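Subject: Structure handover

Hello,

Here is the structure I promised to pass on. Please open it next to this message as you read.

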Amino acid sequence: MDVLRSWWPVTAVIALLAAVTLATAHSSIGASRIPPAVKDAPFVLEYPSGEPRPSIPAEPREAAEETRTRIPSWLGTVAVAVLGLALLAALSYLIWTVARGVARRVTRALPAQPTRRSAEGTAAEVVAAVDAGLVDLDDRATDPRTAVIACWVRLEEAAAVAGVPRLTGDTPTDLVTRLLRGDPSTGVPAIVSADVLAEFAHVYREARYATRPVDERTRDQARVALRRLRGELTELAEREPA
């Protein structure tokens, strides 16, 4: 379908030019002026006589040439020039269409190079998400389970902003793990230690999957884990780039 959409203008122009050329080759504008036949002439019965029958006068050749419609010689030159320009335009459009298609295929085939992000810049972005999570945890009107899960969701949103893609088959912790522990395929560096991440991930899984009621103790554990996480992020964010 894409091939037809790209080539139909060229096909239409070529078909039109071929039709014009064929019509020009088989047409004849010049014609002698032939007097119209007389209609409803009375029938006269003629008897044979010894006198010779008068012949029908024929139009002289010179008179026929004078009455023939003549085509200016320059008109054929103009027609050939217009036809040549139309063919040149059609050929140019064809070459441009083919070149553009090849360029698009080559561009799509080139692998995208991941943009390398600095650890300091990524840490500064994640600190904002951690601070928002701490505010949620301090709100006693919010259910502890809901508050802990909301903190983790904020980290998932920070991962999306940092350019960490969500892969098929990811668990809820995989995206944040690649954000905090690094993702070489997208150029995201590691920004926290494994034990700090594991501490907050344990609290999140407990809040999300525990069948028992989630109480204030879980909220306090999440707050402690987030503060440790924030401490490492802040130290990295304030570090001078190498």
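**Confidence**

This is a predicted model. The mean pLDDT of the protein is 76. Of its residues, 63% reach 70 or more. Among the elements, α7 has the highest mean pLDDT, at 92. Helix α2 (residues 61–67) has the lowest, at 56. Residues 28–33 have pLDDT below 50. Beyond near neighbours in sequence, that stretch makes nine contacts in the model.

**The core**

The largest nonpolar core contains 37 residues. Leu-155, Leu-180, Ile-191, Leu-229 and Leu-233 have the most contacts inside it. Five helices each supply at least two of its residues: α4 (119–138), α5 (144–161), α6 (174–181), α7 (194–209) and α8 (216–237). α4 gives the most, with eight residues. In soluble globular proteins, nonpolar side chains tend to be buried together.

Which residues does Leu-155 touch, leaving aside neighbours within four places in sequence? They are Val-126, Ala-129, Val-130, Val-176, Leu-179, Phe-200 and Leu-229.

**α4**

α4 has 20 residues, and at 1.5 Å a residue they should span 28 Å. Its end C-alpha atoms are 28 Å apart, which agrees. The buried residues of α4 include Ala-123, Val-126, Val-127, Val-130 and Leu-134. Glu-120 and Thr-122 are on the buried list too. The buried residues of this helix pack against α5, α6 and α8. An α-helix has 3.6 residues a turn, so residues three or four places apart point the same way.

**Glu-156**

Glu-156 sits in helix α5. Is this residue buried or exposed? Glu-156 counts as buried because its relative accessible area is 15%, under the 20% cut-off. Not counting residues up to four places away in sequence, Glu-156 touches Arg-166, Pro-172, Leu-175 and Val-176.

**α6**

The buried residues in α6 are Leu-175, Val-176, Arg-178, Leu-179 and Leu-180. Their cover includes α4, α5, α7 and α8. Gly-182 follows α6, and its phi is positive, near 100°.

**α7**

α7 has 16 residues. From first C-alpha to last, α7 reaches 22 Å, close to the 22 Å expected at 1.5 Å a residue. In α7, Val-196, Leu-197, Phe-200, Ala-201, Val-203, Tyr-204, Glu-206 and Ala-207 are buried. The buried residues of α7 pack against α5, α6 and α8.

**Aromatic pairs**

How many aromatic pairs does a search of the whole structure find? It finds three. One of them is Trp-152 with Tyr-204. That pair is stacked, at 4.6 Å centre to centre and 10° between the planes. The two residues come from distant parts of the chain: Trp-152 is in helix α5 and Tyr-204 in helix α7, 52 residues apart. Trp-152 counts as buried because its relative accessibility is 0%. Tyr-204 is buried as well, with a relative accessible area of 2%. Ring pairs link Trp-152, Phe-200 and Tyr-204 into a cluster.

Best wishes

Conventions:
Residues are numbered from 1 along each chain as its sequence is written. This is a predicted model: local features need pLDDT of at least 70, side-chain atom pairs count only at pLDDT 80 or more; totals for chains, interfaces and linings use all residues. Side-chain values use heavy atoms; hydrogens and water are left out. A nonpolar core is a set of buried Ala, Val, Leu, Ile, Met, Phe, Trp, Tyr and Cys residues joined through side-chain atoms within 4.5 Å. Buried means under 20% relative accessible area, exposed over 50%, partly exposed in between (1.4 Å probe, protein chains only). Helices (H or I, at least four residues) and strands (E, at least two) are DSSP runs, numbered from the N terminus. Contact means heavy atoms within 4.5 Å. The expected span of a helix is 1.5 Å times one less than its number of residues. Rings of Phe, Tyr and Trp (its six-membered ring) pair if their centres lie within 6.5 Å; planes under 30 degrees apart count as stacked, over 60 as edge-to-face and the rest as tilted. pLDDT is the predictor's confidence in each residue, from 0 to 100.
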